[in-house]
Amino acid sequence: MNGRAALELVRFGANPLAYLDGLHDDERPIVPLMLGSQPVHLVTKPEHIALALENDDWPPLSRGRLAAFRLWVPGSIVTTSGAEHHSQRDEIWKPLAADTAILDILVERTRRRADSWAHGAPLELFSELQSLCWAADWQALCGGDLDAEPELLAALRLGYDALVWLVLPFGERRWRLPLPQSRRTRAARDRLDAAVDRMVAERRHGAAADDLLTTLVRTPGITDEQIRSTFKSWFGTSLVFALVTWTLLLLARDADVEARWHDELDRVLGERAATAGDVDDLSYTTMVVHEVLRLVPPSWALFRALTGDYSLDGHVIPAGHVLAVSPWFTHRDPRYWSDALRFDPERFAPDAPSPPRLAYFPFSAGPYGCHGPKLALAEAVLVLATLGQRRSFRLVGPEPEPVAKWTVEPRGGARMASTARRR
Ligand code: HEM
């Protein structure tokens, strides 16, 4: 690795979002980068992003560094490619994502959680919303109450944190070393696997429950390892908590948008609990959510490791190189978004001009794209509606800076206070 490439890697690693922002002056459709010893090609133009992602007969592709996730979720969809991937997508994930039972669970849990917050007391909203959304996910998956199982929540958090360090250089070696964090993460995997195995045995030998784990157990041909890994993977793939956190942060800064949002909630819902049937009528809330997905996309970049040469509109990218696309970069690209850094939900109004396709791709696209975008949007709209009916949120302390981890997090957390709304 030469000195310049090492320096690039350090600059990228120190702040990937600032690094990507710094590439906006480069007008090339495919920007070559040398991150350490890894050549990477950032695909910047929507028509090329489509060619890079919407390609059904990928190979030449491997999951690259994501393969290290096998230590936490062996055989999970995110570690597979080709036919094995597509069969997990169609037979395991699509049925799970089509089940909307989680929506009522989420509304009920959000209502209870919001009512438990003391008036005006500061909260760290990112971890609070993570534990709220995960408790709803857990209940939908297996009927249990994650709030009553703090050691299982802690185990999920260790696995979630590992998603960041496992893909770094030496991540797999670090997993095996007798370091405190590695030891705790390996123990967390064993604890969760044992919990899932117990619940699977109950469903096989006792009365079946009406939950997603039962759907998994009944999936023809599924292995025990796939059941465990799918269950645990849910808590890394669903990023609704990040989306809702950034929405509340951006709304707290914009009194006009917030007032218009509150008006919609009062008009469509009033005092009653939101249901899945309300999502279509909460059109302004949905516009706000899309604008947050544009400005602060929870998945900030996606990578495809090439196992063979790949020709992208005449540019041949050699085997061993990595194709990168970045919702963060493209959603802020002034070539496609005017006044790109301004928070403006009107961009997503029904009569607003559409940007080129794949200038906006918060859920990625193609065979490896997100398998739950519809569910994720409905979840975000309903959590926000339930919170916004009851509370107003204000930032406590300085504006948090976005920082790229597994998702985009507010550096130092999102310290906000909420007060009961007077209507
Ligand atoms: C706001 C919430 C969410 C966002 C922003 C999001 C975004 C994404 C993105 C960008 C990818 C990467 C695709 C790629 O590499 O091209 C992805 C993958 C995935 N998402 Fe989502 N997602 C969200 C919620 C969900 C939910 C609720 C589910 C549950 C069904 C889900 C299931 C998945 C799965 C299984 C994958 C792996 C895809 C694969 O490797 O084939 N996501 N998601």
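This talk goes through some helix packing and a few single residues in one predicted model.

Two conventions come first. Residues are numbered from 1 along each chain as its sequence is written. Because the model is predicted, local features need pLDDT of at least 70 and side-chain atom pairs count only at pLDDT 80 or more, while totals for chains, interfaces and linings use all residues.

I will start with helix 6. Helices here are DSSP runs of H or I with at least four residues, strands are E runs of at least two, and both are numbered from the N terminus. Helix 6 covers residues 125-142. With 18 residues, helix 6 reaches 25 Å from its first C-alpha to its last, close to the 26 Å expected at 1.5 Å a residue. That expected span is 1.5 Å times one less than the number of residues.

How many of the 18 residues of helix 6 are buried? The number is 15, and helix 6 is mostly covered. Buried means that 20 or more other C-beta atoms lie within 10 Å of the residue's own; exposed means 12 or fewer, partly exposed is in between, and the C-beta atoms are placed from the backbone. Just after helix 6 comes Gly-143, with a positive phi of about 80°.

Helix 6 packs with helix 11, residues 224-237: the axes come within 10 Å and cross at roughly 155°. The axes are lines fitted to C-alpha atoms, for helices over the stretch in contact, and angles run from 0 to 180 degrees between N-to-C directions. Helix 6 and helix 11 are therefore roughly antiparallel. In the terms used here, angles under 35 degrees are roughly parallel, over 145 roughly antiparallel, 65 to 115 roughly perpendicular, and the rest oblique. The crossing of helix 6 and helix 11 is right-handed, that is, the near helix is turned clockwise from the far one by less than a right angle, with anticlockwise being left-handed.

On the helix 6 side the contact uses Trp-134, Asp-137 and Leu-141, and on the helix 11 side Phe-231, Trp-234 and Phe-235. Contact means that the C-beta atoms, placed from the backbone, lie within 7 Å. By class, this contact of helix 6 with helix 11 has five nonpolar, no polar and one charged residues. Nonpolar covers Ala, Val, Leu, Ile, Met, Phe, Trp, Tyr, Cys and Pro; charged covers Asp, Glu, Lys and Arg; the others, Gly among them, are polar. As for the spacing, an α-helix has 3.6 residues a turn, so residues three or four places apart point the same way.

One more residue of helix 11 is Asp-224. Asp-224 is partly exposed, with 13 other C-beta atoms within 10 Å. Its C-alpha is 9.4 Å from that of Val-196, 28 residues apart along the chain.

Next is helix 13, residues 255-268, which has two partners to discuss. With helix 14, residues 283-295, the axes come within 8 Å and cross at roughly 140°. Helix 13 and helix 14 are therefore oblique to each other. Val-257, Arg-260, Trp-261 and Glu-264 in helix 13 meet Tyr-284, Thr-285 and Val-288 in helix 14. The classes in this contact of helix 13 with helix 14 are four nonpolar, one polar and two charged.

The other partner is helix 16. Here the angle is about 95°, with the axes of helix 13 and helix 16 10 Å apart. That makes helix 13 roughly perpendicular to helix 16. Trp-261, His-262 and Leu-265 of helix 13 make the contact with Ala-385, Gly-388 and Gln-389 of helix 16. The contact of helix 13 with helix 16 divides into three nonpolar, three polar and no charged residues.

Now the backbone. Most residues other than glycine have a negative phi. Which phi does Asp-313 have? It is positive, about 50°, although Asp-313 is not a glycine. Asp-313 is in the loop between strand 6 (310-312) and strand 7 (315-317), and is exposed, with 12 other C-beta atoms within 10 Å. Ser-364, also not a glycine, has a positive phi of about 60°. Ser-364 lies in the loop between helix 15 (327-331) and helix 16 (373-390), and counts as partly exposed, with 18 C-beta neighbours inside 10 Å.

Last, Ala-305 in strand 5, residues 302-306. Ala-305 is buried, with 20 other C-beta atoms within 10 Å. Ala-305 and Pro-60 are 245 residues apart in sequence and 8.2 Å apart in space, C-alpha to C-alpha. Not counting residues up to four places away in sequence, Ala-305 touches Leu-61, Ser-62, Arg-63, Gly-64 and Val-322.

Terms used: Contact = placed C-beta atoms within 7 Å.
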